[in-house]
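Dear colleague,

I am passing on the structure we spoke about, and would be glad if you could look through it alongside the notes below.

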Amino acid sequence: MATENKLSNDPRNSTPRTMKIIFGVFMIIIYLGMGILLLTSFFDNVITVAWIRYVLAIGFIAYGVWRGVRQFSPRFEN
């Protein structure tokens, strides 16, 4: 127990945690942004079949929301 408190207060151990949080937020933005762009037909000339575009958009948005829940929920903390 005492060792855990020493390690959690060590500034060298906070840098990887901060980088994890920044990367996690960045990826959530990327996934949600891709989903929104697919829903708004931004990539209409690349993916011409509408239902494939919508399935991918829902998948990206769902995964982005799931990553957000895992990122900010205390239930998933290590």
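What follows is a summary of the fold, the aromatic residues and the charged side chains.

Please keep in mind that this is a predicted model. The chain has three helices and zero strands, so that its elements, read from the N terminus, run α-α-α. Of its 78 residues, 15% count as buried, and the accessible surface comes to about 6,400 Å², with 68% of that area belonging to carbon and sulfur atoms. Among the contacts with a separation of 6 or more, 59% are made by residues 24 or more positions apart.

Turning to the aromatic residues, a search of the whole structure gave three pairs. One of them is the stacked pair of Tyr31 and Phe60, with 6.2 Å between the centres and 25° between the planes; this pair links helix 2 (residues 11-39), which holds Tyr31, to helix 3 (residues 50-72), which holds Phe60, across 29 residues. Tyr31 is buried at 18% relative accessibility, whereas Phe60 is partly exposed at 26%. Another pair, Phe42 with Phe43, is edge-to-face, at 5.1 Å centre to centre and 90° between the planes; here Phe42 is exposed at 55% and Phe43 partly exposed at 21%. Tyr31 and Phe60 also belong, together with Tyr63, to one aromatic cluster.

As for charged side chains, the count comes to one salt bridge, in which the closest N and O atoms of Arg53 and Asp44 are 3.0 Å apart. Arg53 is buried, at 4% relative accessible area, while Asp44 is partly exposed at 37%. Arg53 also lies over the face of Tyr54, 5.3 Å from the ring centre.

Notes. Residues are numbered from 1 along each chain as its sequence is written. This is a predicted model: local features need pLDDT of at least 70, side-chain atom pairs count only at pLDDT 80 or more; totals for chains, interfaces and linings use all residues. Side-chain values use heavy atoms; hydrogens and water are left out. A salt bridge is a side-chain nitrogen of Lys or Arg within 4 Å of a carboxyl oxygen of Asp or Glu. Buried means under 20% relative accessible area, exposed over 50%, partly exposed in between (1.4 Å probe, protein chains only). Helices (H or I, at least four residues) and strands (E, at least two) are DSSP runs, numbered from the N terminus. Contact means heavy atoms within 4.5 Å. Accessible areas come from the Shrake-Rupley method with a 1.4 Å probe; for residues, only the protein chains shown count as cover. Rings of Phe, Tyr and Trp (its six-membered ring) pair if their centres lie within 6.5 Å; planes under 30 degrees apart count as stacked, over 60 as edge-to-face and the rest as tilted. A charge sits over a ring if NZ of Lys or CZ of Arg is within 6 Å of the ring centre and within 35 degrees of the ring normal.
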